[in-house]
Amino acid sequence: MEILSFKKDFGRITREMTIIIAISLIFGISCGKDKTEEGSASSENSKGIGPVASVSLAALDETLANKGKKQFEAKCSACHKFEEKVVGPALAGVTNRRTPEWIMNMILNPVEMTQKDPIAQGLLAEHLTQMTFQNVQESEAREILEYFRKMDSKK
């Protein structure tokens, strides 16, 4: 019985850690500008590669942001903080450096992003952690984006 319990707990922990590690490249931020951004005007306008071609942003949606906070806490917070690097990079200011489309595409399509998107390739080279697809739905990615917008608006 103990072995079955261990296998179940190990499987759950492994799955959660995979989700957390997978998101670690999404929001690659280091002190100052990312190396991938220096001298590149196109990085500010990049939409990345994935299913999200356009995101319409309006005033901050508190309900969406609160849902995003729950998503973040469940899937990202073990590896990410906003003001400091933990396993993954710190997230403060990510919505100022990346387009909404890029952020969502990195959440939804991390493997192809790190294969084809120059910014994501630079983050992989810097952080040495390949994100993997974690079955995040587009609506969940949008909630996480809104939570990031809320956190970045506090500054």
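Among contacts between residues at least 6 apart in sequence, 78% join residues at least 24 apart in this predicted model. The protein has 155 residues, of which 45% are buried. Its secondary structure consists of eight helices and zero strands, so the pattern along the sequence reads α-α-α-α-α-α-α-α.

The protein averages a pLDDT of 78, and 71% of the residues score at least 70. Helix H1, residues 2-23, has the lowest confidence, with a mean of 55. Helix H8, residues 138-153, has the highest, at 96. Over residues 24-42 the pLDDT stays under 50. For that stretch the model has 51 contacts beyond four places in sequence.

The helix with the highest confidence, H8, packs against helix H3, residues 62-75, with the two axes coming within 7 Å. The axes cross at roughly 105 degrees, and H3 and H8 are therefore roughly perpendicular to each other. The residues of this contact divide into six nonpolar, three polar and nine charged. On the H3 side they include Glu-62, Ala-65, Asn-66, Gly-68 and Phe-72. On the H8 side they include Glu-140, Arg-142, Tyr-147, Phe-148 and Lys-150.

Is Lys-150 buried or exposed? Its relative accessibility is 18%; because the cut-off for buried is under 20%, Lys-150 counts as buried. Leaving aside neighbours within four places in sequence, Lys-150 is in contact with Leu-60, Glu-62, Ala-65 and Asn-66. Of these, Glu-62, Ala-65 and Asn-66 are among the H3 residues that meet H8. The C-alpha atom of Lys-150 is separated by 9.8 Å from that of Gly-68, although the two residues are 82 apart along the chain.

The remaining topic is the nonpolar interior. In soluble globular proteins, nonpolar side chains tend to be buried together. Here the largest nonpolar core has 24 residues. Which residues have the most contacts inside it? They are Phe-72, Trp-102, Ile-103 and Phe-148. Helix H5 (100-108), helix H7 (118-127) and H8 each supply at least two residues of this core. The largest share, six residues, comes from H5.

Terms used:
Residues numbered from 1 in each chain as written. Predicted model: local features only at pLDDT ≥ 70, side-chain atom pairs only at ≥ 80, totals over all residues. Heavy atoms only, no water. pLDDT = per-residue confidence, 0-100. Helix = DSSP H or I, 4+ residues; strand = E, 2+ residues; numbered from the N terminus. Contact = heavy atoms within 4.5 Å. Axes fitted to C-alpha atoms, helices over the stretch in contact; angles between N-to-C directions. Parallel < 35°, antiparallel > 145°, perpendicular 65-115°, else oblique. Nonpolar A, V, L, I, M, F, W, Y, C, P; charged D, E, K, R; others polar. Core = buried A, V, L, I, M, F, W, Y, C linked by side-chain atoms within 4.5 Å. Buried < 20%, exposed > 50% of the residue type's maximum accessible area, 1.4 Å probe, protein only.
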